[in-house]
Amino acid sequence: MAQIQKIGVMTSGGDSPGMNAAIRAVVRTAIFNGLDVFGIYRGYEGMIDGQIEQMYSHSVSNIIQRGGTILKTARSKRFMEYKGRLTAYQNLMERKIDALIAIGGNGTFTGASIFDKEFNFPIIGLPGTIDNDLYGTDATIGYDTAINTVVEAADKIRDTATSHDRLFFIEVMGRDAGFIALRSGIACGAEFILVPETTTYIDNLARLLRHDWRKNKTSGIVIVAEGDDMGGAIEVARKMKEKLPDLDTRVTILGHVQRGGSPSAFDRVLASSLGFLAVRGLLEGNRGVMAGIIDKQVVYTPFDKAIKHHKDINKDMLEMSRILAL
Ligand code: F6P
C-alpha cells in the first residue's frame with residue numbers, strides 16, 4: 001500500500017455524544033504524524049456533494065466537551081447506489097485523500113465496507129452510536145452519556161410517580177438492542193426492563209405487577225426499549241391498562257434527548273483513545289476494520305463481522321434487576 005499522506009474524517013448516521021472528542025483526536029493525531037486531514041461534512045452526503053475542508057489543530061479547539069458533531073451527520077440514501085459512491089470516490093481523488101476514518105454505526109460500516117471493496121480504499125471505522133449494538137467493542141462512543149441522561153430523567157420521573165402513586169412506562173432508544181434499557185434500568189431501580197432480545201408476555205408482566213402492588217408497592221417504573229417485541233411504551237401501557245385498569249399509568253418517551261448533551265468523562269476518554277488508535281492503525285496498515293476496545297485492549301474487527309455478529313445483552317443482569325426491584 002502506498003504511504004498515506006492525506007486522510008479524511010467524517011461522522012455518519014445518528015449522532016452520539018463524544019463524536020467531537022473523536023474528531024479532535026483524529027485531527028490532532030494525524031497532524032502530529034505529518035498527515036493532512038480533511039473534514040467531510042454530513043457523512044456520505046457531504047462526500048458525494050464535495051463538502052470537504054482541510055482541518056487544522058485549531059479547527060478542533062474547544063469541542064471535546066460538546067455534544068453532537070461539528071462535522072454534522074446524515075443517513076445517506078444516495079451512497080447506497082453505485083452512482084453516489086462513484087461521485088464520492090471522485091471527490092476524494094480530486095483532493096488526493098488516501099484513507100478515511102468513519103465514525104458511526106451499522107449503516108456507516110456497511111457503506112464503508114462496500115466502498116473499500118469497490119474502490120480499494122482504506123477505511124477504519126470508529127463505533128459512534130448510543131445504542132452500543134456493535135460487535136467488537138465493550139462500549140460505543142455515546143452509550144455511557146445516553147445512559148446517564150436516561151437515569152437523570154428516570155430519577156425525576158420516580159419523584160412524581162411516588163407522589164401520585166403511579167406506574168410509569170419510560171421508552172428509551174434501541175431499535176434492535178436493549179443495552180440502553182438494561183443498564184439505565186438497573187441504575188434507576190426499574191421494576192421491569194423490556195428489551196428486544198427477550199419476549200415480553202403481557203399476562204406475566206401484569207401478574208407480577210399485581211403481585212408487587214398487593215405486597216407494598218404503590219408506584220413504579222417500567223423501562224421499555226423502543227424495539228421491544230410488544231411495541232413501544234405507548235403500546236405496552238395500553239395493553240397493561242386492559243389487564244390492570246385500576247393502576248394509574250403514564251407514558252414518557254425520552255426520544256432524542258438521549259442523543260444530545262455534553263459527553264461523560266468515560267465517553268470523552270473512549271473517543272479520544274479510539275481516535276488516536278484509528279490514525280495509528282491506518283498508518284500501521286489496518287483497513288476495512290472497526291477499532292474497538294475490549295478489556296482495555298485495542299481490537300480491530302472486520303466491518304462485516306462488526307455489523308453481522310450479534311452482541312448480546314447480559315441476560316443475567318436482566319434477572320438480577322428484577323430481584324433487586326422486588
Ligand atoms: O441508532 C441510533 C438511534 O438513536 C436509535 O437508537 C434510534 O432508533 C434511531 O437512531 C433514531 O434515528 P433518527 O434520529 O434518524 O430518527
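The following legends describe close-up views of a predicted model.

**View 1. The two domains of the protein.** The domain assignment divides the protein into domain 1, residues 6-142 + 263-308, and domain 2, residues 145-259. Taken over C-alpha atoms, the centres of domain 1 and domain 2 are 34 Å apart. To the contact, domain 1 contributes 13 residues and domain 2 contributes 11 residues.

**View 2. The surface buried between domain 1 and domain 2.** The size of an interface is often expressed as the accessible area lost when the parts come together. Between domain 1 and domain 2, about 970 Å² is buried, and carbon and sulfur atoms account for 49% of this area. On the side of domain 1, the residues that lose the most area to domain 2 are Asp15, Ile130 and Asp131, which together make up 47% of what that side buries.

**View 3. Polar and charged links across the domain interface.** Between domain 1 and domain 2, the count is 1 salt bridge. Arg259 forms a salt bridge with Asp15, with 2.7 Å between the closest N and O atoms. The side of domain 1 that touches domain 2 comprises 3 nonpolar, 5 polar and 5 charged residues.

**View 4. The surroundings of the ligand.** Around the ligand are Arg75, Ile130, Asp131, Met173, Gly174, Arg175, Glu226, His256 and Arg259. Among these, Ile130 and Asp131 are also named with Asp15 as the residues of domain 1 that lose the most area to domain 2. Arg259, likewise beside the ligand, is the partner of Asp15 in a salt bridge.

**View 5. Polar atoms facing the ligand.** An oxygen atom of the ligand lies 2.5 Å from a side-chain N or O atom of Glu226. For His256, the distance from a side-chain N or O atom to an oxygen atom of the ligand is 2.8 Å. At Gly174, a polar backbone atom is 3.5 Å from a ligand oxygen atom. Of the 400 Å² of accessible area that the ligand has on its own, the protein covers 76%.

How values were computed
Residues are numbered from 1 along each chain as its sequence is written. This is a predicted model: local features need pLDDT of at least 70, side-chain atom pairs count only at pLDDT 80 or more; totals for chains, interfaces and linings use all residues. Side-chain values use heavy atoms; hydrogens and water are left out. Domain bounds come from an automatic or database domain assignment. Contact means heavy atoms within 4.5 Å. Buried area is the accessible area (1.4 Å probe) that two parts lose on being put together, summed over both. A salt bridge is a side-chain nitrogen of Lys or Arg within 4 Å of a carboxyl oxygen of Asp or Glu. Ala, Val, Leu, Ile, Met, Phe, Trp, Tyr, Cys and Pro count as nonpolar, Asp, Glu, Lys and Arg as charged, and the others, Gly among them, as polar. A residue is near a molecule or strand if one of its heavy atoms lies within 4 Å of it. A polar contact is a pair of N or O atoms within 3.5 Å; within protein, one must be able to donate a hydrogen and the other to accept it, and residues adjacent in sequence count only if both atoms are side-chain atoms. Accessible areas come from the Shrake-Rupley method with a 1.4 Å probe; for residues, only the protein chains shown count as cover.
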